[in-house]
Amino acid sequence: MVSLVRADLFKLRKRAMGWVMLGIMAAFTVLEMLSFALISPGNVNYGFPGGLLEGLAPVPIVGTFVMIVLGALLIGSEYGYDTWKNLLIRRPGRTPFILSKWLTLVAAAGAGVIALLVLGQLLGLALDAALHLAGPVLSLSVGDVLIII
């Protein structure tokens, strides 16, 4: 099953749609953080960990659609290239085949969340330095940040 997951991750990384979905999420993150910083600079502060958490702000809005598209991409690519017939008859059952798709989707979502966290914090630090945001600073511990994420 590890070989199936590795193959699915390779295919997902090589196709442009996964990168497009990550770009869409990043664009929503940038637009949301920039609009809040420009509209009310006195109420916003993107210092650590506030900027870190702002990277995940568009996930409830757009995240479901991204997961649906990535899941359809994983399954649809097997049907599109007609490789699903070969994979299903060579394996002992369908369970590893289906589990590999789910594990790949979870791994891709985890990598996307990490990328959005880093983007949110870097953009937050840049906006704080450029616009001198003066909002209240969040005082969260590392455990609180992990629970929120």
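The protein chain has 7 helices and 0 strands. Keep in mind that this is a predicted model. Read from the N terminus, the order of elements is α-α-α-α-α-α-α. The chain holds 149 residues, and 35% of them count as buried.

Let's start with the salt bridges. How many are there? The count comes to 2 salt bridges. Asp8 takes part in one with Lys11 and in another with Lys101.

Take Asp8 and Lys11. Their side chains meet at 3.5 Å, N to O. Both residues sit in helix H1, 3 residues apart, so about one helical turn separates them. Lys11 comes in at 23%, so Lys11 counts as partly exposed. The cut-off for buried is under 20% relative accessible area.

Next, Asp8 and Lys101. Here the side chains meet at 2.9 Å, N to O. Asp8 belongs to helix H1 and Lys101 to helix H6, so this pair ties together parts that lie 93 residues apart in sequence. What about the cover on Lys101? At 6% relative accessibility, Lys101 counts as buried.

A word on the idea behind it. Rolling a probe the size of a water molecule over the atoms shows where empty space is left. In this model, the largest pocket has a volume of about 500 Å³. Which elements give two or more residues to its lining? They are helix H1 (2–14), helix H2 (16–39), helix H4 (59–80) and helix H6 (95–131). H6 gives the most, with 8 residues.

The lining of the largest pocket has 21 residues in total. If you want to find the pocket on screen, look for Leu22, Leu70, Ala108, Ala109 and Gly112, which lie nearest its centre. What kind of residues make up this lining?

Last stop, the surface. Met17, Val20, Ile24 and Phe28 form a nonpolar patch there. Together these four have about 310 Å² of accessible area.

Let me pick out one member, Ile24. Where is Ile24 placed? Ile24 lies in helix H2. Why does Ile24 count as partly exposed? Its relative accessibility is 33%, and partly exposed covers the range between the buried limit of 20% and the exposed limit of 50%. One more thing about Ile24: Pro58 is 34 residues away from Ile24 in sequence. In space, the two are 10.0 Å apart, C-alpha to C-alpha.

To recap. The largest pocket draws on helices H1, H2, H4 and H6 for two or more lining residues each. And the nonpolar surface patch is made of Met17, Val20, Ile24 and Phe28.

Note on methods:
Residues numbered from 1 in each chain as written. Predicted model: local features only at pLDDT ≥ 70, side-chain atom pairs only at ≥ 80, totals over all residues. Heavy atoms only, no water. 1 Å grid on protein atoms, 1.4 Å probe; cavity = no way out; pocket = protein on both sides within 12 Å on 5 of 7 lines; lining within 4 Å. Points joined across faces, edges and corners; volume = space filled by probe spheres on them. Helix = DSSP H or I, 4+ residues; strand = E, 2+ residues; numbered from the N terminus. Patch = residues over 30% accessible without salt bridge, like charges linked within 9 Å, V, L, I, M, F, W, Y side chains within 5 Å. Areas by Shrake-Rupley, 256 points an atom, 1.4 Å probe, with all protein chains shown as cover. Buried < 20%, exposed > 50% of the residue type's maximum accessible area, 1.4 Å probe, protein only.
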